[in-house]
Amino acid sequence: MRICYSINVHAGSAAKSSIHAIAELFAAHGFSPRIIEPKADDDIVALAKEAIEQKYDVVVAGGGDGTANVVASALVGNDAVRLGIIPLGTLAHFACDAEISTDLSLAADNIILGEVKSVDVGAVNGQIFLNNSSVGLYSAIVKLREGLQQSGYAKWSAASFATIRIMARFRRLHLVLHSASGSTVKRRTALLFVGNNAYETGLLQIGKRLELDQGKLWIAMPNSSSRWPLFIALVSEMVGRKKKEDVCKSDATHLVVASNQTHLQVAIDGEVRHLKPPLNYKSRPKALRILAPRTTGEVG
């Protein structure tokens, strides 16, 4: 098995210091993977494409959700190359939902001994997301957080400040949603959330997905259009006292989102992009092959 390992040294304080340890963990299994430290997302994409051309069996993403997204985007639709993940970033939601351990030793074992699973990805205007995409509140918070981090704020401090500030002055969007079934919904909303498969909303499992291969987009929009009712609705959702009228939830395989704005800030796996509407969301069922913990006696 030929393994190419891309590590994002900017993914967190543990990333760069983990390179030697990870190399030793692979060596313990008799493998000596090609380890590369790309400087930018474009370098990661080029690396993944090169790995495909050179017929590597596995391309490993060492980092957080952003790194996994970049590598996965190059591998989607390719049945010959598997995605391996070693979570090193501050946030690794996809790895968590795929039940991949954040322990370096267990994560490396999974690359060698795990089984191959085909999982879904979502796409918006051709851009892949492993976790979710959103328009409105969340993308505005992420954008402000990034600016604060560039000014020297720590990530969690920047996130907290950005959340408070955006909630105090958020804007509502006028969106028109067209589903594959032919239905049309017009909505004035502060947030449109589109998940790659269904998300749990209860307090103990909030943000977690139990399935990654159901071939569905999970769509959620708060019905409240003013600040205080919106806050109450979101808190009620988390603590299990939700009302049907608080948040509109549905699923679809294809969704088109129209807007009267020329561009929309769209969060894609935590990274904000400016996309021109309409936003064309699609589920791509089982389009990505990953190495996940074994549930059978077979080795992937």
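Biologist: What should I know about the numbering and the model before I start?

Modeller: Residues are numbered from 1 along each chain as its sequence is written, and side-chain values use heavy atoms, with hydrogens and water left out. This is a predicted model: local features need pLDDT of at least 70, side-chain atom pairs count only at pLDDT 80 or more, and totals for chains, interfaces and linings use all residues.

Biologist: In what order do the six strands of the open sheet stand?

Modeller: Terms come before the case. Helices (H or I, at least four residues) and strands (E, at least two) are DSSP runs, numbered from the N terminus. Two strands pair if DSSP finds at least two bridges between them. Here the order is E12-E11-E10-E7-E14-E15, with antiparallel pairing. Strand E12 (247-252) and strand E15 (271-275) are at the edges; each has a single partner strand, so one side of each is left without a neighbour in the sheet. From one strand to the next, the twist averages 20 degrees. Axes for such angles are lines fitted to C-alpha atoms, for helices over the stretch in contact, and angles run from 0 to 180 degrees between N-to-C directions.

Biologist: How many bridges pair E11 with E12?

Modeller: Six, in the antiparallel sense; strand E11 covers residues 217-222. Take Ala220: its bridge partner in E12 is Lys249.

Biologist: Which residues of E3 are buried on each side?

Modeller: Start with the general idea. In a regular strand the side chains alternate between the two faces of the sheet. Buried means under 20% relative accessible area, exposed over 50%, partly exposed in between (1.4 Å probe, protein chains only). In strand E3 (residues 58-63), six of six residues are buried. One side has Val58, Val60 and Gly62; the other has Val59, Ala61 and Gly63.

Biologist: Which strands do the bridges join to E3?

Modeller: Strand E1 (residues 3-7) runs parallel to E3, joined by five bridges. Cys4 has Val59 of E3 as its bridge partner. Six bridges join E3 to strand E4 (residues 82-87), also parallel. There, Ala61 has Ile85 of E4 as its partner. The chain goes from E3 through helix H4 (residues 65-75) to E4, a right-handed β-α-β crossover. Right-handed means that, with the strands pointing away from the viewer, the path from the first strand over the helix to the second runs clockwise.

Biologist: Is Gly270 buried or exposed?

Modeller: Gly270 is buried, because its relative accessible area is 15%. Gly270 lies in the loop between strand E14 (264-268) and E15. Its C-alpha is 8.2 Å from that of Asn132, 138 residues apart in sequence.
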